[in-house]
Amino acid sequence: MDMHRRVPRNIHPEKVQLNNWKDTVKRVWNYLDARKIKLFIVFLLTIVTTAVTIVGNRINGLVIDDYISKNQLHALLVICSIMAVMYVVSSFFTYFQNSIIIKVAQDTSARIRHDVFTNLQRLPMKYFDTHDNGDVMSRLTNDVDNINTALMQTFVQLFTGIISVIGMGMAMLILSPLLTGITLLSSVATYFFSKAISKITQKAFMTQQRDLGSLNTQIEESVSGKQLVQLFDHTESTMSEFDRTNGEYTKAAFKAQSLSSIIGPFNNMTNNVAYLLITMAGAISILSGSKAITVGTIFTFLIYLRNFTGPINNVLNLINTLQLSLASAERVFELIDEEPEQDNSDAVAVKQTAGNVQFDHVTFAYDKKTILKDINLTAKQGEVVALVGPTGAGKTTIMNLLTNLYPLKKGRVLLDGRDVTAIHMYDLRRLVTVVQQESFLFTMSIRENIRLGRPSATDNEVEEAAKQANADTFINQLPDGYDTILTENARSLSQGQRQLLSIARAFVTGAPVLVLDEATASIDSNTEADVQLAMTALMRNKTSFVIAHRLSTIQRADQILVINDGKIIEQGTHQSLLAKHGFYSELYNSQFDITN
Amino acid sequence: MFKIIMQHIHGRAKLFFFMSPLIMMGEVFCDLQQPTLMSQIIDNGLAKNDLHYVINHALLMLMFAMLGLIFGATGGTLGSYASLKMGQQLRSHMLEISLIDRNPGGLEPATLITRITNDVTQMQTLVMMMTRGMVRSPMLLFGGIVMSIIICPDLAPILFVIMPILVIFLLIVVLKSIPKYTKMQQAIDTVNRIMRENLQGAKTIKSYVLENHQMNQFKDENNHLRQTSQNAAMATVILSPIIQLMLNLGVVVALGYGGSLAISKTISNGQIIAFVNYMIQITSAMIQTVNIITSFSRAITSSARVQAVLDEEPKKQVTTSSNDKPVDDSISFDDVTFGYQTSEPILDKVTFNVPDGDWLGIIGATGSGKSSLIKLLTRSFDEYDGIIKIGGVDIQKMNLQDVHQKMTVALQDSLLFSGTVRSNLTYGNESATDEDLDVSSDIADASEFIDKLPKRYDSVVEQTGKNFSGGQRQRLNIARSIVPNSDILVMDDATSAVDQETNARIKNRLEKYRKNKTTIIISQRVTNVMDCNQIIVLINGRISASGTHKELLKESTFYRQLVQTQLGGGINGHA
């Protein structure tokens, strides 16, 4: 906890820049590798459905020219039946194509999510200290979603887009170069116009986004600080400041939105103009006696126009979308690539310990900042060691090293004479039970939360542990007792009750070494006594390290280590340290002596 | 939902709100002219070899295209104006309600915030849709049907068969998919929760070697999410092929049946072409309509959430302010009882008296009613029995502002606002000088770290003060409450996050600074209250004992035990 404050947060800003897109594409492809056959089927289906669209549109025109205009009723009906069959088949294909792609995309994103989570599980503590939860969450959720969407849409769109553009383009060219030119022109105009507009609006949108940010900040602040606002009589000034920001945001948003609301109608207009140009150019060509264009050709082109603009825009936009989703993929892979925490190669399995702990000239640095300097301590089996000292002195850090959460810079931490880095991490952490100031309680029942201490514990053992932790009484007062589901880190319980539960969890482990981080204060007085008793019971027969704030705990300790500025400055029992009239006695007098 | 919109849309915005759809209808009208004009070119212009006719009609089409652009752009602009103005009003209204609201047991801040931000944005989008999409698509759909009937009544039966089938089919698919999407959303929430807890509880997971346990839990839920997402997506995957198929079959029938009619000269080629074109327009309008219905249902949920906030609107306050001004800084509670309707009372017949200039200590467990007591004194809640007086005047008869000016409270939750250290410290007194700030931060033991900041009082404070440690925040919070130097100061467990040494320093300096000024100290630490003129021991909303430290040591078992656990046995001898 102490570390969090000192380390600057390394929050990764949104990166749209791609560092190594080739690699990223390759890795996405690796995920798809197993689905290769399915994707190939999708590809084939797409060819068929796109071909049907192109051919169908052409037949529409032929029907007008060759059958209706030439009074071929029988042939007309035959060709219509063929078209009907074609369309039915094509719809089936579309259905299969979409179904397959959904399955592939969901399977793939589930696998990516799984891989990210697996690696996240193995990352060293330092990763969690230095990375913002929000950022990691957004990689796990938004970025994986983006990949999913890209897979679902991009693939089909890319296939259909390219095939349609090429196929339809060729069909149109053969039919009439003039009308093809008009169609292409309108498609390209649509694309470039929206590009141009979005360039203009981008600035407006950025202003809007910035204003929205400060608007949301103000809402968050004033709502969560409501009590302060009321008590300091700031309602009016808060509201007037908010109204100003609100007005600014609305103005900026209006600018951006009214600009971009032209895009839709403009595209519509371009389409309509292309529509009329095709009709007119076709009509004029027919009137001038040229045989190149027929009424059927006009008809075909009018339909092509509708079917062509979509795919060509998709393909053009795809570059953008692809870039975004590749950026997402890169962010996700970054997380998968983070170096996991690993056992040393010489680490061995250790299932038991007597509980002799020794710190041998331990120096620890976080990044470049030295936090602990030359720490030496010896705790024999069953001893209680109290660590005292001002906030930020390094007490919690010392205890983090015991479970090998961070690598040392110098020195060794020994458990029964064996370097802790030579013990399998999981074994080591099972031998040492840590009770944090605020241990995390997960969304599950109280029973399951306690059982997390040792998954093999029976219901009886869990309840026994709760009794030893003095938690049994309040648990039984809850409507669902041990089956009460805790949510949001058990916010509904008091701090003291949460602490009792984490003590119960520690009881279940039965580990011979204990690290206790006493809550600074503020445990409600009711449970305070309960917590004290429970902690005392928990320490029995264990080698215990207590980061202590309570005098009673300190007085009971076999040895007291006074930590300041990353060093052990005094060491001894309560009485011997008081007699020394040093740092400890000063600390003691300022905190506990009530007669001054 | 409509009510919310109408309540928050006024003047020009309201006019635009109604004008925009009308203008949008103009756009639709223009769009619908195109196929008809085209068919006239083919049937009349081409058949009669009339170039003039062709060019005239082409110009007409161009005019309609341009008009359509103008209508569309204007309608869109007016629509976004209306929707943004509505959003602005609604946001402001909701925030005001949230800030004024003094009802106990209201909505949690977190949900209030999402309602004022996300849900208002949803409502904004809804208004935008009402003015544009919700008008445009159905109009295009309806207009397309009408136009195709007009241009070619003989082919109209095709529409009468296809449309109902499509509508029923769409309805069934969409309705059937909704529960599946809800399930998917739940699965997403669960997976997100596991991931979030995994990050928050990283240290606990490592300490207790829960990695595999977490992994298994995640594996199950991740699979479940994959399954439900696939189910949801599969439920709607049939939509697009069916719509496509119906449209294509319609076109085929129009060609076949229409063609046979054309051969017998009942209808013309132009009519067939126009009809098919209308069919394409109708189908795309239909798909848009379905999309709009889906987003509409999302907005409905939002509007319900917004309404819940609006319902908290307090009734017009009857200010019964009298001209009575408190004569001094004494405080008295006379038989005060307070509680939420259903449960046990939180404060039960609380009576005490703090003479002018005295220090009062209140000690008790969490949930004993300490904070509620302060909420009543500061008039955060007004619904209670009994009488509370400041300086001999019933606080209910005082102006709310006067009550708040009379006293300052340092809350346990030491929230800072984004801005600077100065803007935070002067929150209660904007005219405070640097000397005032120096004095207050000295008392709060905050000078030491403020002096280390490069810009001292002008250093930036980020949102919630997250660039300061818990202890620093709390010291700034205390300093902030000292700056106004109010007649009455209340410290509501305000030193819980600082270490005991700092706590002791703050206590000693505060005692000197506020000597003979009315001060209330609420704490769980005996050391903080034991020097007060009077200490109240609050248990389950009742005063179980009161008196000085010495008296309580004799009379209150609870207090004695507290002293034992907190100060240890050795201290007892001194007392």
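Me: Over which residues of chain A does pLDDT stay under 50?

Reply: Over residues 1-16 of chain A. pLDDT is the predictor's confidence in each residue, from 0 to 100. Where pLDDT is low, the predicted coordinates should not be read in detail. The model has 35 contacts beyond four places in sequence for residues 1-16 of chain A, a contact being heavy atoms within 4.5 Å.

This is a predicted model, where local features need pLDDT of at least 70 and side-chain atom pairs count only at pLDDT 80 or more, while totals for chains, interfaces and linings use all residues. Residues are numbered from 1 along each chain as written, chains are lettered from A and ligands numbered from 1 in the order written, and side-chain values use heavy atoms, leaving out hydrogens and water.

Me: What is the average pLDDT of chain A?

Reply: Chain A averages 81, and 93% of the residues score at least 70.

Me: Why is the pair K206(B) and E341(A) called a salt bridge?

Reply: A salt bridge needs a side-chain nitrogen of Lys or Arg within 4 Å of a carboxyl oxygen of Asp or Glu. K206(B) and E341(A) meet at 3.1 Å, N to O, so the pair meets the definition. The count between chain B and chain A is two salt bridges.

Me: How many residues of chain B are in contact with chain A?

Reply: 150 residues of chain B, with 145 residues of chain A.

Me: What area do chain B and chain A bury between them?

Reply: About 13300 Å², 67% of it on carbon and sulfur atoms. Buried area is the accessible area (1.4 Å probe) that two parts lose on being put together, summed over both.
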